[in-house]
Amino acid sequence: MALAGSRCALIFSTILFMAAVASGAKLSKYHYYKTCPKLETVVRNKVDEIVNADLGMAPGLLRLHFHDCFVRGCDGSVLLDSASNSAEKDAPPNFGSLRGFAEVDAIKATVESACPGVVSCADILALAARDAVVKVGGKYWSVPLGRKDGFTSSLVEANTSLPSPFMTFPQLVQNFAAVGLNAKDMVILSGGHTIGQAHCAVVIPRLYNFNGVAGATDPSLDPKFANFLRTLCPSDEPLTFVGQMDATNGTFDNKYFKAVKSRRGLFSSDAALITNSFGRRVVNIAAKYPGSFMKDFGKSMVKMGKIGVLTGSAGEIRQVCSAVNSS
């Protein structure tokens with residue numbers, strides 16, 4: 001009976017996931033054409049203002065959308081507050097490092113002034129991520145719209161669903177496949193690290209205690225780069241800010257892939273990209289042809305933006321992004 005129940009649960013979950021993926025086809029770049037015709041201009045202008053004030057908000061807004069989509073789909077659940085500190089934003093991969101909540105609230109308020117009760121927070125996240133990337137040098141891509149906001153946000157689900165900076169290549173492939181993204185999507189979306197920022201906590205294990213061996217350094221790190229990182233990250237200062245993840249931090253380009261090729265990827269997951277022949281091929285192409293990377297990044301972002309979306313009568317249009325509407 002237990003086995004039969006498990007099979008039924010698996011089949012039901014698969015059906016739900018397939019339905020959620022299929023619902024992504026209901027999204028359209030013309031969704032707000034009549035109800036909020038100036039939406040993209042309003043969001044873009046506000047994002048420009050935000051990034052002009054703080055360049056670090058470009059990766060912040062991109063990461064918010066990414067972390068939203070990987071947990072329960074792109075439904076704005078990452079934005080929800082919890083009185084019991086049990087929401088996605090409270091999970092260890094997010095707490096203290098995920099940025100942009102106040103900025104998304106500001107974008108939402110501006111959108112509400114132009115088009116009250118029309119645009120979802122999930123759609124605002126998708127647009128803000130795109131506009132933040134474009135603002136710092138990335139290539140424009142069209143964002144399909146029409147997502148609704150979800151009602152639930154779970155710390156537990158965030159812990160189990162988000163990829164880790166310590167994952168191996170097979171683990172990364174499995175993690176991305178769980179939400180309908182393939183190995184190429186995984187490598188290409190890792191290119192978002194070109195504007196990424198990090199703390200020493202994710203680097204220290206590679207410098208001083210690799211594989212649990214005291215004093216050992218990750219041999220996949222370029223030795224000179226490892227020595228440089230030690231000057232930034234003493235072993236007892238995990239909260240120190242590392243800063244750049246490639247040579248042109250703050251500019252969206254393909255330099256991240258050149259760093260990965262040179263064994264100068266900051267995370268273990270960055271280094272993992274070239275431990276597999278397919279991963280190396282994608283990295284080499286992205287490093288050699290920036291235009292190809294930009295085009296592929298947009299395609300993978302559109303694909304990611306369709307994960308588990310709520311459309312039509314499902315979900316709601318939140319009045320405030322941090323809370324579900326009162327009944």
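I looked up which element gives the most to the lining of the largest pocket, and found that α3 does, with 6 residues; helices here are DSSP runs (H or I, at least four residues), numbered from the N terminus. This is a predicted model, in which local features need pLDDT of at least 70 and side-chain atom pairs count only at pLDDT 80 or more, while totals for chains, interfaces and linings use all residues. Residues are numbered from 1 along each chain as its sequence is written, and side-chain values use heavy atoms, with hydrogens and water left out.

I then noted the volume of this largest pocket, about 1,100 Å³, which is the space filled by probe spheres set on grid points joined across faces, edges and corners. A pocket is an open set of points on a 1 Å grid over the protein atoms alone, where a 1.4 Å probe fits, with protein on both sides within 12 Å along at least five of seven lines, and lining residues have an atom within 4 Å of a point. Of the 41 lining residues, Arg63, His67, His193, Gln197 and Phe267 are the closest to the centre of the largest pocket. Two or more residues of the lining come from each of α3 (57-69), α7, α8, α12 (268-272) and α14 (290-304).

Next I turned to α7 (residues 169-177) and α8 (residues 183-190), which pack at an angle of about 105° with their axes 9 Å apart; axes are lines fitted to C-alpha atoms over the stretch in contact, and angles run from 0 to 180 degrees between N-to-C directions. That makes α7 roughly perpendicular to α8, a term for angles of 65 to 115 degrees.

Finally, I recorded 14 helices and 0 strands in the protein.

How values were computed: Angles under 35 degrees count as roughly parallel, over 145 as roughly antiparallel, 65 to 115 as roughly perpendicular and the rest as oblique.
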